[in-house]
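Here is a short report on one protein model. Look over the sequence and the structure first, then read on.

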Amino acid sequence: FFERFGTFILSTLFCRALSFSLALRKMAKLLLKGGLVVNEDGSEVADVYCEGGLIAQIGEELEAPPGATVIDVSGKLVLPGGIDPHTHMRMPFMGTVTVDDFYTGTRAAVAGGTTTIVDFVIPNPGESLVEAFAK
């Protein structure tokens with residue numbers, strides 16, 4: 001999977017999801033080696049270590065602890081995950097319903113590097129935004 005993409009998307013949410021997936025295989029520790037880590041203030045070639053679903057350390061030449069899964073991401077960008085603040089999951093509109101639900105929509109989002117979504121809410125006439133959100 002990882003070798004097919006020139007970019008490796010990483011955020012705390014993605015790290016948690018990947019760690020959870022690895023935990024199912026009893027591999028909850030993850031070390032990404034040698035990628036170009038890009039954030040808001042610059043970029044550097046570094047390793048990223050995740051444990052317990054969190055980014056625990058970023059640095060050069062990190063040692064893999066016992067039991068860690070190591071993925072070589074050399075030559076790839078390691079980016080924070082994107083946020084899409086306007087999505088439509090199973091939203092009724094003019095007698096139809098959008099095609100994506102939370103399962104398919106979030107799978108498509110993460111495949112494209114989006115790790116967080118904020119779903120759109122449309123209140124009915126006379127209904128508050130908070131009431132519509134609660135549904």
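## A glutamate in a loop

Glutamate 127 sits in the loop between E10 and H3. The model is a predicted one. Is glutamate 127 buried or exposed? Its relative accessibility is 19%. Buried means under 20%, so glutamate 127 counts as buried.

What lies around glutamate 127? A polar atom of its side chain is 2.8 Å from the backbone nitrogen of asparagine 124. Set aside the neighbours within four places in sequence, and glutamate 127 is in contact with Ala132 and Lys135.

## The second largest pocket

The second largest pocket holds about 390 Å³ of space. Its lining has 15 residues. Closest to the pocket's centre are Pro92, Phe120, Val121, Ile122 and Ala132. Ala132 is also a contact of glutamate 127.

Which elements each supply at least two residues of this lining? They are strand E10 (114–119) and helix H3 (129–134). By type, the lining residues divide into 10 nonpolar, four charged and one polar.

## The largest nonpolar core

In soluble globular proteins, nonpolar side chains tend to be buried together. Here, the largest nonpolar core has nine residues in all. They are Leu30, Leu32, Val37, Ala46, Val48, Cys50, Ile71, Val73 and Val78.

Which elements give two or more residues to this core? Strand E2 (29–39) does, and so does strand E3 (42–51).

Methods
Residues numbered from 1 in each chain as written. Predicted model: local features only at pLDDT ≥ 70, side-chain atom pairs only at ≥ 80, totals over all residues. Heavy atoms only, no water. 1 Å grid on protein atoms, 1.4 Å probe; cavity = no way out; pocket = protein on both sides within 12 Å on 5 of 7 lines; lining within 4 Å. Points joined across faces, edges and corners; volume = space filled by probe spheres on them. Helix = DSSP H or I, 4+ residues; strand = E, 2+ residues; numbered from the N terminus. Nonpolar A, V, L, I, M, F, W, Y, C, P; charged D, E, K, R; others polar. Buried < 20%, exposed > 50% of the residue type's maximum accessible area, 1.4 Å probe, protein only. Polar contact = N/O pair within 3.5 Å; in protein donor to acceptor, adjacent residues only side chain to side chain. Contact = heavy atoms within 4.5 Å. Core = buried A, V, L, I, M, F, W, Y, C linked by side-chain atoms within 4.5 Å.
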